[in-house]
Amino acid sequence: MISITFPDKSVKEFEAGVTPLQIAESISGRLAREVLAASVNGQEWDLSRPINEDAEIRLFKWEDPEGKHAFWHSSAHLLAEALQQLYPGVKFGIGPAVETGFYYDIDPGEHQLTAADFAKIEARMLELAKQNQEIIRRDISKEDALKFFGDRNETYKCELISELEDGHITTYTQGEFTDLCRGPHIPTTAPIKAVKIMSLAGAYWRGDEKRNQLVRVYGVTFPKKSMLDEYLALLEEAKKRDHRKLGKEMELFAFSSKVGAGLPLWLPKGAALRDRLEQFLRKIQRRYGYLQVITPHIGNKQLYVTSGHYAKYGKDSFQPIHTPEEGEEYLLKPMNCPHHCEIFRSLPRSYRELPLRLAEFGTVYRY
């Protein structure tokens, strides 16, 4: 027998080899129907995976981020299974769950995926989900994994496997589709009741522009059709309130590719609105005793070396500005705080002055 500790610190005894799903069934049938994933001693765990030692357990439903993650991760595999059936020869990269659903990076081969394929893919995914396919986890050696995926000409998977440590490789199988994956997954495909392919995008393999460009297929799924309908309605409402759309319609700001992506050109109406917001912010800062300061937009490289910012962000910063005569380097400031520290050091300070509140537009500091 093993002891299972629940989040409320209650403890129950079970036979070794019990699964999280069986534990859920021992609590209530409704919980067993709703649970999607679990954690065992803080480790992500499939509902069908045995537990062989004393453990702390948490059970996750759709309302929990961990539940959604497992649901959408399994949905990514379902997408891949549908693509494998519809377009023989397709090769697979990675297919994770993300905050708003999931995606799968694929090499479609001869077939060029377009939005016209979405309905066909969705229909096949729902067809497969209704088959209530069991999602089976297997531990596999590195040698066997390389042979298995190599025989299927899955070059992207083989590259990933070659970098893994032997003895820690798992696959998940549903129907005729097998994927290299750490999991966790929902027990079967049956809970997936609503499917929507959202968009396509290009994605370089492993983020390297020198490697093959794959097609990233984005999707989202839900356990109820009504939930998908509600989600799509919210997306439509969000589009109506998109700041890029409203900014153009209301003549607040404009964008120019020659200026740069994401760099707004404030038009008269937008500038007036921005000015009012700045005035409001400064009014609030004054109310709470903050003193306005202004610092340069650039600083000597040594300032950021001293603060530690250069070691952490130097490679990602804009190119330094050189002064040939003085032989110095200046950088666009990554943040205000190094400059504010120098303001604090500019005069002798007494503990009676503290706390010292400084404010520069957008940031406040309390010393």
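Reader: Phe 102 first: buried or exposed?
Author: Buried. This is a predicted model, and in it Phe 102 has a relative accessibility of 1%. The residue is found in strand β8.

Reader: What does Phe 102 touch, leaving aside its neighbours within four places in sequence?
Author: Quite a list. Leaving aside those neighbours, its contacts include Trp 72, Ser 75, Ala 76 and Leu 79, and also Val 217, Tyr 218, Gly 219, Val 220 and Thr 221.

Reader: OK, and how do β8 and β13 pair?
Author: In the antiparallel sense, over 5 bridges. One example is Tyr 104, whose bridge partner in β13 is Val 217.

Reader: How many residues of β13 are buried?
Author: 8 of its 10, so strand β13 (residues 213-222) is mostly covered.

Reader: Which strand do 10 bridges join to β13?
Author: That's β12 (residues 194-204), and those two run antiparallel. Ala 194, for instance, has Phe 222 as its bridge partner in β13.

Reader: Back to Tyr 104. Which ring does Tyr 104 pair with?
Author: A search of the whole structure gives 12 aromatic pairs, and one of them is Phe 92 with Tyr 104, edge-to-face at 5.4 Å centre to centre and 70 degrees between the planes. The pair links distant parts of the chain, with Phe 92 in strand β6 (residues 91-92) and Tyr 104 in strand β8 (residues 101-107), 12 residues apart.

Reader: Why do Phe 92 and Tyr 104 count as buried?
Author: Because buried means under 20% relative accessible area. Phe 92 has 2%, and Tyr 104 has 0%.

Reader: Which residues do ring pairs link into a cluster?
Author: Trp 62, Phe 71, Trp 72, Phe 222 and Tyr 231. You've met two of those names already: Trp 72 is among the contacts of Phe 102, and Phe 222 is the bridge partner of Ala 194.

Reader: Now Asp 105, buried or exposed?
Author: Buried, with a relative accessible area of 3%. Asp 105 lies in strand β8 too.

Reader: A buried Asp, then. Which side chain does a polar contact join to Asp 105?
Author: Arg 216, at 2.7 Å. Beyond its neighbours within four places in sequence, Asp 105 is in contact with Arg 216 and others, among them Lys 91, Phe 92, Leu 214 and Val 215.

Reader: And which ring face does Arg 216 lie over?
Author: Tyr 103, with 4.0 Å to the ring centre. Another case is Arg 349, whose charged end sits over the ring of Phe 344, 5.5 Å from its centre.

Reader: Switching topic: what's the strand order in the open sheet of 3 strands?
Author: β9-β10-β11, with antiparallel pairing. β9 (136-140) and β11 (177-180) stand at the edges with a single partner strand each, so one side of each has no neighbour in the sheet. On average, neighbouring strands there are turned by 25 degrees against each other, direction ignored.

Reader: How many bridges between β9 and β10?
Author: 5, in the antiparallel sense, with β10 covering residues 169-174. Ile 140 has Ile 169 as its bridge partner in β10.

Reader: Which helix packs on that sheet?
Author: α5 (residues 142-151), which touches β9, β10 and β11. Its direction makes about 130 degrees with that of β11.

Conventions. Residues are numbered from 1 along each chain as its sequence is written. This is a predicted model: local features need pLDDT of at least 70, side-chain atom pairs count only at pLDDT 80 or more; totals for chains, interfaces and linings use all residues. Side-chain values use heavy atoms; hydrogens and water are left out. Rings of Phe, Tyr and Trp (its six-membered ring) pair if their centres lie within 6.5 Å; planes under 30 degrees apart count as stacked, over 60 as edge-to-face and the rest as tilted. Helices (H or I, at least four residues) and strands (E, at least two) are DSSP runs, numbered from the N terminus. Buried means under 20% relative accessible area, exposed over 50%, partly exposed in between (1.4 Å probe, protein chains only). A charge sits over a ring if NZ of Lys or CZ of Arg is within 6 Å of the ring centre and within 35 degrees of the ring normal. A polar contact is a pair of N or O atoms within 3.5 Å; within protein, one must be able to donate a hydrogen and the other to accept it, and residues adjacent in sequence count only if both atoms are side-chain atoms. Contact means heavy atoms within 4.5 Å. Two strands pair if DSSP finds at least two bridges between them. Axes are lines fitted to C-alpha atoms, for helices over the stretch in contact, and angles run from 0 to 180 degrees between N-to-C directions.
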